[in-house]
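The entries follow the order in which I looked things up.

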Amino acid sequence: MTQTLLVIGARSDMGIAVARTFAAKGYAVQLAARDSASLADNRQDLITRHGVAVSLHDVDALDLDSHEAFVTSLPVLPDVVVCAVGYMGEQRRNETSLDEMAKVMRSNFEGPAGLLSVLANRMEKRRSGTLVGISSVAGERGRAANYVYGAAKAGLTAFLSGLRNRLAKDKSGVHVVTVLPGFVYTQMTRGMDLPAKLTAQPAEVGEAILKAVEKKRDVVYVRPVWQGIMLAIRNIPEFQFKKMSI
Amino acid sequence: MKISGWGRFPQVECVLTRPRDRQDAEAHIAGVDGDLIARGNGRAYGDSALNRDATVDMRGLDRILAFDPQTGQVVAEAGVMLADLIDVFLPRGWFPAVTPGTKFVTIGGAVASDVHGKNHHKHGSFGAFVDWIDILGADGEVRRASRADNSELFAWTLGGMGLTGVILRAALRLAPVETGWIRQRTTPAANLTAAMDVFEQAQDATYSVGWIDCLATGADTGRSLVMVGEHASLDELGAKERADPWVQKAKSKKAVPIDLPSFALNPLSVRTFNKLYYANGKRQAGSSLIDYDSYFYPLDAILEWNRIYGRKGFAQFQCVIPLDASYAGLQVLLGAISRSGQGSFLAVLKRMAAQDSRFSFPMEGYTLALDFPMRAETPALFAELEAIAIDHGGRFYLAKDSLLTPERLRQSDPRTEAFIQMRKDNGANLRFRSLQSERLAL
């Protein structure tokens, strides 16, 4: 039977890449984003390339009150959900504008947590499904360069970890995957000078997520090198770390 | 960032931006003050897709939008590559109607260069299979241009090197095939006369291409292997091929990881040539089945083979000489190339058919292409070769060019003035400029 993938935040480069990877495997695809009608070209692309069914759905991650209705409105409850919702903002503005800070916190943590909660509860009732949250290595330790974004992603990482723990304990049949992409060439990082060896293409993220879903992995780094890097960064004593600029 | 064409000469610091979809591209281009050039996958050899202040990388527009299995027409964004079309449509029985020697070209680049392939003598250039394009003009308007509507814009854009506007979308027709395999017949030719005879006798064949051994001189000048090919039908396949009719088994890619010294390619290619030449000489008319990738794209299997010429890069010389002067012109060219001792040991020879076009490269005759590592003396050698081609009524392929001068372009191609006038009339001369268009005063 055809499996269905829901991508939330489907306009993002990673969201598009994930949709393509799963469509190539034969998954039917639900693309969810604000103003989803503007994803018509992406829908056509998936249909033409892979011959799968593709539907478009409006969602507002920041509007918690709409999340139940959004999930109810889906034609079928998906087998796999990938949440690629996120917003980095600019650190300087995040420091000075509380509105901006709140937007980053809500876009990366509250919104995704709300959507994943509703979906987790429905999947738990059905007793099957996989939830994939795209978090960030920025959430592994707060750094001066982007600690607002990092704090929000730390929240999401902890949320995913707890959700996985809850759903594994009662043998619900629902699995939770945490993805830590590291640097990726996307709209969000455009203009940044990123080291090529540490930076993945969006398509690599798609492949890594498909593999993690198939193999029921818990936490995945897209490029393995990041696992070592983050291990090192987490282990720097705070009295040293606070003086460093990395 | 520093970018270049495929020949890695020139390498120039350019502001490169990458819109992610059509809306983004239109908005981005509207925000560019002054002139800009669109860039595909960077497979033009020289400076065709370089603009210091605004080079627009179109590879983010990579959506395939529609396919009609009745007609083979595919509608796709300009950044979709031929490799994508092959991946998606070959297993459904369709192949690009015209393909150059690499599948890593975008549709936008193929239209702008009006590329040709091994079937030019029979089917014409890439543009012959384009039904329409959506193109963003100097006035910021997007127009659909075809042979019926905006036909002038359509005609000038094929081979117009991106200098008529930014191609956003195209509809093109694919050709139906029964398999992904090619029946190839290789014929050794002792000299240029013999090679041209093989081409003339192969006018009905779908594909034909020749490799010339540039080391052969005197009576042996033009010693070649001419390879003729046809798409194999299902019942022409052997058991091995029949198990994989669409050539889906993944093949490993060999990357050239570092800059090799510039002589690396040549002894290798000469050994390959000699082996094939003498092997075929022994058993005449060698015929074989070969997968489409190995047949059309032998160099694609070596990713980044352009690095083989070293850090200074290389230039490719490609001209076409009209049929009645082809023999004489090629003899003189091959003599000059051999005397120079600078060229690659192999040159590619191809018969072309007449083509009705505004500014595209092909004309009825023979085209010759070969690489030269970029050295201090290379521009002078190119000037010499270009003068020979011009003397014989020939012209040059702008998709390969990095060294031509405005004078020699005008001497070779009387259509140049009309191209410039068209750009003045519609304002494209102020809006769409590349380092090539500046160099050639287009």
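Ground rules come before the entries.

**Conventions.** I worked on a predicted model, where local features need pLDDT of at least 70, side-chain atom pairs count only at pLDDT 80 or more, and totals for chains, interfaces and linings use all residues. Residues are numbered from 1 along each chain as its sequence is written, chains are lettered from A and ligands numbered from 1 in the order in which they are written, and side-chain values use heavy atoms, with hydrogens and water left out.

**Sheet of chain A.** I looked up the strand order. Chain A has an open sheet of seven strands, E3-E2-E1-E4-E5-E6-E9, with parallel pairing. Strands (E, at least two residues) and helices (H or I, at least four) are DSSP runs, numbered from the N terminus. Two strands pair if DSSP finds at least two bridges between them. From one strand to the next, the twist averages 20 degrees.

I then checked one pair. E2 (residues 28–33) of chain A runs parallel to E3(A), and five bridges join them. Leu31(A) stands opposite Leu56(A) in E3(A). Helix H2 (residues 40–50) of chain A packs on the sheet and touches E2 and E3 of chain A; its direction makes about 160 degrees with that of E3(A). Angles run from 0 to 180 degrees between N-to-C directions, and axes are lines fitted to C-alpha atoms, for helices over the stretch in contact. Contact means heavy atoms within 4.5 Å. Helix H1 (residues 13–24) of chain A lies across E1 (4–8), E2, E4 (80–83) and E5 (129–134) of chain A, at about 175 degrees to E1(A).

**Sheet of chain B.** Here I found an open sheet of three strands, E3-E5-E4, again noted with parallel pairing. E3 (16–17) and E4 (37–39) of chain B each have a single partner strand, so one side of each is left without a neighbour in the sheet. Three bridges join E4(B) to E5 (residues 55–57) of chain B. Arg39(B) has Asp57(B) in E5(B) as its bridge partner.

**Helix pair in chain B.** H6 (residues 192–201) and H10 (residues 323–340) of chain B pack at about 150 degrees, their axes 11 Å apart. I listed the contacts. Leu192(B), Thr193(B), Met196(B) and Glu200(B) in H6(B) meet Leu323(B), Ser326(B), Tyr327(B), Leu330(B) and Gln331(B) in H10(B).

**Interface.** How many residues does each chain give to the contact? Chain B gives 16 and chain A gives 14. Together they bury about 1,200 Å², 35% of it on carbon and sulfur atoms. Buried area is the accessible area (1.4 Å probe) that two parts lose on being put together, summed over both. Arg20(B), Arg63(B) and Leu65(B) lose the most area in chain B, together 45% of what that side buries.

**Salt bridges.** I count a side-chain nitrogen of Lys or Arg within 4 Å of a carboxyl oxygen of Asp or Glu. Four cross the interface of chain B and chain A. Asp24(B) pairs with Arg190(A), with the closest N and O atoms 3.7 Å apart. Within chain A, Glu124(A) and Arg166(A) meet at 2.9 Å, N to O. That pair links H5 (residues 98–126) and H6 (residues 147–169) of chain A, the two residues being 42 apart.

**Backbone.** Phe9(B) and Pro10(B) are joined by a cis peptide bond, with omega about -10 degrees.
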